[in-house]
Amino acid sequence: MQDTAKYLIHADITAAGVVERSDVVGAVFGQTEGLLGDELDLRDLQDSKKVGRIDVEIRSEGGQSFGEITVASGLDRVETAILAAALETIEQVGPCRAEIEVAEIEDVRSAKRREVVERATELLNDFEEKSIQTADIVETVRQQVRVADVTDYEGLPAGPRVADSDAIVVVEGRSDVMQLLKYGIKNAVAVEGTDVPDAIADLTAGRTVTSFLDGDRGGDLILKELAQVGDVDYVAVTPTGKSVEDLSRSEVMSALRDKVPYETVASAKSLDSIREEMSQTGESTTADGGAVTAAISDDTADNQPAPDAQTGSAQTETADGATNGANSPNAAAVTDAATESDDGPTIPSLSDHIEAVIRNHSETARLVDEDATLLAEGVADDVVSLLESTEDVPNTVVIDADCSQKLLDVAAQRGVDVVVAAGHGEYVKQPTAVQVRIEG
C-alpha cells in the first residue's frame with residue numbers, strides 16, 4: 001500500500017506501562033471504531049485498500065513504552081487529516097494510559113516530485129551537453145567552471161579559496177556564493193539561514209571577515225548574530241531592498257571596495273542609517289581599502305588612538321570644507337556639529353547619562369529615548385520593573401550594575417535598542433535586537 005499511498009501519517013506514542021505492538025494496533029482499531037462514521041471506518045478503508053497496514057515500532061524503558069506509528073493513506077488531504085486527528089483521541093493502550101501525538105503528515109508525492117525534478121535536471125544537462133552550439137562553447141565552459149568552483153565547507157556552500165584564505169566574505173545563500181564566483185571572488189561562504197552555524201563562527205577566528213548580506217531586515221539580523229558568535233571586521237553595505245545575487249559586477253565591486261569597519265556599524269542605530277549617510281555625505285576611504293562614514297561616534301573616537309596624519313586628513317574632510325586640524329580654534333565646534341547631526345550614528349548627550357549613572361557609581365538606572373531625553377530614572381535593582389512600567393518605549397537603558405538575562409529579555413520585548421551597563425552579568429543568550437555596551 002505504501003508504494004501507492006499519497007500520504008503517510010507519522011505519530012508518536014507514549015504509554016504509562018509496558019505494552020506491545022499488538023496492544024497498540026488493537027487500540028487504534030477499537031477506539032476509532034464508529035468515531036468517524038461508516039465512510040471513514042478504519043477496517044473498511046483497509047479492506048478497500050484506501051488505507052495501508054498500521055506499522056508500529058514500540059520500545060520499553062523504565063516502566064514506560066515509547067514508539068512511532070505510521071499509517072499509509074490513499075485518501076485525500078482532508079480525510080487524511082481527519083484520520084490523523086482521530087488517532088490522537090486514543091487514551092488507553094492495553095491496561096495502560098497512553099498519549100498519541102501526530103508528528104507530521106508526509107506528502108509522498110512531494111518526494112516523488114523532487115525525484116522527478118532531479119532526474120529531469122540530469123536528463124536536461126545530458127541533452128545540453130550533447131547539443132552545444134559553436135557560439136555557446138565559451139559561455140558554457142564559463143558556466144560549468146563557475147558551478148564546479150562551488151565547494152562545501154563543513155556542509156555550507158563556499159568558494160574554493162575559503163579553507164586556505166586569510167580573508168573571507170560571509171554571504172547568505174548558495175546563489176550569493178555563485179554570483180561572487182561569477183565576478184571572480186572565490187573566498188565567499190554562505191550561512192544558509194538566519195541561524196549562524198558554529199562552523200562559520202569558528203572560521204571567522206583569526207581571519208579578516210567581511211560581511212556581505214542582503215539589504216533587508218533578515219540581513220541585518222544575521223549580521224548582529226554573526227557579530228555575537230564570531231568576529232566581524234568589515235561590513236559591505238548592500239543597497240536597501242537588494243540582494244547580493246541581484247547586484248551587477250560594478251555594484252559588487254563598489255560595495256566590497258567601500259566596506260565599512262564593523263565598529264562604525266555597531267555604534268550606528270541601524271544599517272539603514274549607514275546607507276543614508278553613505279548616500280548623503282559620502283565615504284572616506286581607509287588605508288586598507290575599507291570605507292568609513294563621515295560622521296564618527298563618540299564611542300568609536302574614545303576607543304581610537306591619537307589621530308595621525310591620515311586620520312587628521314579624514315577629519316578635516318568631514319568639517320564641511322575646513323582645512324585646519326586640531327589647531328584651529330573652531331575645530332572642536334565643527335566636530336560637535338558633525339556628531340550632533342540627525343543622521344549621526346550616536347548622540348553625544350548620551351555620554352552625559354553614562355557619566356552621571358555609571359562613572360559616578362550612582363547605583364541607579366536611566367531610560368532615555370533616541371534623542372537622549374530622560375524618560376525615567378530609578379534604583380538599579382528595580383530596572384526591570386521600571387522598564388516594564390514606562391509608558392514610552394526607551395531607546396537606551398543606562399544602568400550602574402551588571403547586565404542580566406532578565407534585563408535583556410525585557411529590553412527585547414519592549415523594543416530597546418541598546419543596554420549600557422557597568423559590566424557583563426550572567427546571561428546565556430543575548431537577543432539579536434539588543435546591543436550591549438559595557439562602560440564600567
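1. Let's start with helix α3 (residues 77–87), which lies across β1, β2, β3 and β5 and runs at about 10° to β1. Helices (H or I, at least four residues) and strands (E, at least two) are DSSP runs, numbered from the N terminus. Angles run from 0 to 180 degrees between N-to-C directions, with axes fitted to C-alpha atoms, for helices over the stretch in contact.

2. A word on the source: this is a predicted model, where local features need pLDDT of at least 70, side-chain atom pairs count only at pLDDT 80 or more, and totals for chains, interfaces and linings use all residues. Residues are numbered from 1 along each chain as its sequence is written, and side-chain values use heavy atoms, leaving out hydrogens and water.

3. Now the sheet: five strands form an open, antiparallel one in the order β2-β3-β1-β5-β4. Strands pair if DSSP finds at least two bridges between them. β2 (51–61) and β4 (92–93) are at the edges with a single partner strand each, so one side of each has no neighbour in the sheet. Helix α1 (residues 21–32) packs here too, touching β1, β2, β3 and β4 (contact: heavy atoms within 4.5 Å).

4. On to β17 (residues 396–403): six of its eight residues are buried, so the rest of the structure largely encloses this strand. Buried means under 20% relative accessible area (1.4 Å probe, protein chains only).

5. β17 has an antiparallel pairing with β15 (residues 364–368) over four bridges, and Arg 366 sits opposite Val 398. With β18 (residues 418–424), β17 pairs in the parallel sense over six bridges.

Definitions and conventions: Buried means under 20% relative accessible area, exposed over 50%, partly exposed in between (1.4 Å probe, protein chains only).
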